[in-house]
Amino acid sequence: MFKGVPILTIITFIPLLAAVCLMILSRLAPAEGKAQIAKNAPRVALVTTLAVLGLSLLLVLNFDTTTADFQFVENVAWLGGGINYRMGVDGISILFILLTAFLTPLCIISSAKSVKSRMLEYMVAFLVLETLMIGVFCALDMVLFYIFFEGVLLPMFIIIGVWGGKDKVYAAYKFLIYTLLGSVLMLAAMLWLYYYSGQVLGAENATTNIVELAKLDIPLGAQTWLWLAFFASFAVKMPMWPVHTWLPDAHVQAPTAGSVILAGILLKLGGYGFLRFSLPFFPDASQYFAPLIFWLSVIGIIYTSLVAYRQTDMKKLIAYSSVAHMGFVTMGIFALNVQGLQGALFQMISHGIISGALFFAVGIIYDRMHTREIAFYGGIVKYMPMYAALFMLFTMANVGLPGTSGFVGEILTMVGAYQVNPWIAFGAAFGMILSAVYALHLYREVVFGEVKNEKLEGIKDMSIREIVIMAPLAILTILLGVYPSLITDITAVSVDALLADINAKLAGG
């Protein structure tokens with residue numbers, strides 16, 4: 001269907017084009033016209049992001065799940081010296097594009113009422129952010145990947161720093177500094193890989209092509225240092241314990257939609273980086289450092305679950321919960337088996353949906369009461385029964401209740417880890433128990449009990465707009481829980497090919 005059409009470029013840059021058009025129109029418009037453009041900015045952003053979602057669905061429907069080759073490939077000479085504009089998707093990346101395209105219009109709908117100032121700039125920031133996020137998952141050139149990967153920091157920095165809470169500037173700079181510092185080491189490693197490819201292939205054939213670089217046989221000593229350099233960036237992006245401390249502050253200060261994108265997409269960039277770079281480029285180092293990753297993952301799962309239980313702010317509790325759930329992802333990735341990798345991919349997609357829904361749920365009552373303090377609430381089921389039902393669904397999914405998407409990813413990663421180290425799986429299972437403790441504690445305190453705060457009396461249940469946001473998330477949470485092959489069938493061949501390549505390199509080494 002898309003033969004000869006640069007569909008990935010179209011999907012990636014439509015939001016950026018819309019953002020540029022909005023800025024130009026606002027710049028050229030007379031004073032009275034600027035206000036009208038700002039008023040219509042959410043409509044333009046919504047139409048644009050829905051168009052991206054529609055094209056992304058067509059992309060997935062036309063994706064060939066029987067091959068591990070990259071599809072819809074675009075390759076154009078760009079900067080010279082082997083650095084090309086190269087785009088493509090496989091079973092590992094395509095669902096992240098769809099997840100990004102799915103969550104962004106929901107964020108636009110949510111923000112249209114909750115954002116009170118600089119609406120035009122806010123929508124422009126979100127449109128630019130969508131372009132950069134999708135670009136990360138499409139890029140097949142190392143330099144292009146790095147530009148997109150680091151580019152996402154700027155619009156998110158602005159979203160937190162301008163539209164965040166009272167400590168927004170502190171949280172925005174902490175987010176930027178943490179994530180940027182780790183990526184400096186990754187850039188140095190990328191430069192070394194480019195230089196090394198020139199040594200192996202000839203100086204005139206030096207390349208930044210990710211597919212070609214993955215075929216190189218990198219010496220074990222170099223693999224170790226390169227793996228650590230990439231790890232410095234990806235571990236912070238996940239974020240893994242103990243480099244996770246920027247995330248709770250960023251979540252608490254970010255506006256609701258910012259938290260949704262942060263948890264739903266940006267945290268997945270680290271896991272995607274491990275799958276796209278660390279495993280295929282440095283298989284020996286990945287195997288060597290796997291025990292370290294296992295223990296960091298389990299410690300992170302248990303520690304952040306305990307910290308989550310002690311939180312008094314709903315957003316901060318869910319933020320620590322996200323760190324714990326990312327521990328299952330890293331554990332599954334470095335299990336280096338089918339169950340672990342499939343579970344990690346499923347967990348990332350599922351967590352994007354569930355965590356997004358939980359942050360939307362917090363935003364719904366925050367818009368009414370303007371506080372996220374758990375102690376402020378109690379007994380809201382009396383006034384908000386529909387909200388209470390949906391909040392219960394996402395709470396149970398977050399816990400990993402069978403029949404929800406949260407269960408599938410966690411059980412697969414634990415099965416994968418058990419094959420390598422049963423104690424790691426037991427530690428992760430204990431973390432699941434702790435997740436039930438803090439999640440059910442939150443739900444009980446907010447939803448059940450007597451209405452002790454008179455300010456809650458008469459609080460209104462969900463509006464049509466809020467139902468439109470939450471209903472698709474609820475449907476997907478249940479659908480993927482009972483029919484997980486919707487994801488695993490797409491990722492299976494690429495996962496098998498990645499493992500076959502890793503095992504071949506390990507056997508050859």
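At 16% relative accessibility, Leu336 counts as buried, the term denoting under 20% relative accessible area, with exposed meaning over 50% and partly exposed anything in between (1.4 Å probe, protein chains only). Leu336 is located in the loop between helix 14 (314-333) and helix 15, where helices (H or I, at least four residues) and strands (E, at least two) are DSSP runs numbered from the N terminus. Although not a glycine, Leu336 has a positive phi of about 55°. A positive phi of about 55° is also found at Phe72, again not a glycine, and Phe72 lies in strand 1 (residues 71-80).

The model is predicted, with local features requiring pLDDT of at least 70 and side-chain atom pairs counted only at pLDDT 80 or more, while totals for chains, interfaces and linings use all residues. Residues are numbered from 1 along each chain as its sequence is written, and side-chain values use heavy atoms, with hydrogens and water left out.

With neighbours within four places in sequence set aside, the contacts of Ile261 (heavy atoms within 4.5 Å) are Leu103, Thr104, Cys107, Phe126, Leu129, Met133, Met156 and Leu266.

Leu473 is among the buried residues of helix 19, which also include Glu466, Ile469, Met470, Ala474, Thr477, Leu480 and Gly481. These buried residues are covered by elements including helix 3 (94-114), helix 15, helix 16 (385-399), helix 17 (405-420) and helix 20 (485-508). The expected span of a helix is 1.5 Å times one less than its number of residues; for the 19 residues of helix 19 (residues 464-482) this gives 27 Å, in agreement with end C-alpha atoms 27 Å apart. Helix 19 has a kink of about 25° at Met470, shortly before the proline Pro472, the bend being the angle between axes fitted to the seven residues ending at a position and the seven starting there. In helix 13, a bend of about 45° occurs at Phe289, and the proline Pro291 follows within four residues. The 27 residues of helix 13 (residues 283-309) should span 39 Å, and the end C-alpha atoms are 37 Å apart, which agrees.

The loop between helix 9 (220-237) and helix 10 (246-253) contains His244, as well as Pro239 and Pro242. Cis peptide bonds join Met238 to Pro239, with omega about -5°, and Trp241 to Pro242, with omega near 10°. His244 is buried, at 5% relative accessibility. Apart from neighbours within four places in sequence, His244 is in contact with Pro239, Tyr303, Thr304, Tyr320 and Val323.

Asn209 occupies the loop between helix 7 (168-201) and helix 8 (210-213) and is buried, with a relative accessible area of 12%. The Asn209 side chain reaches the backbone nitrogen of Val211 at 2.9 Å. Beyond neighbours within four places in sequence, Asn209 is in contact with Arg86, Leu140 and Asp141.

A disulfide is defined as a pair of cysteine sulfur atoms within 2.5 Å, and the count by this rule is 0. The sulfur of Cys138 is 19 Å from the closest cysteine sulfur, in Cys107, and therefore too far for a bond. Cys138 is buried, with a relative accessible area of 1%, whereas Cys21 is partly exposed at 36%.

Conventions: A polar contact is a pair of N or O atoms within 3.5 Å; within protein, one must be able to donate a hydrogen and the other to accept it, and residues adjacent in sequence count only if both atoms are side-chain atoms.
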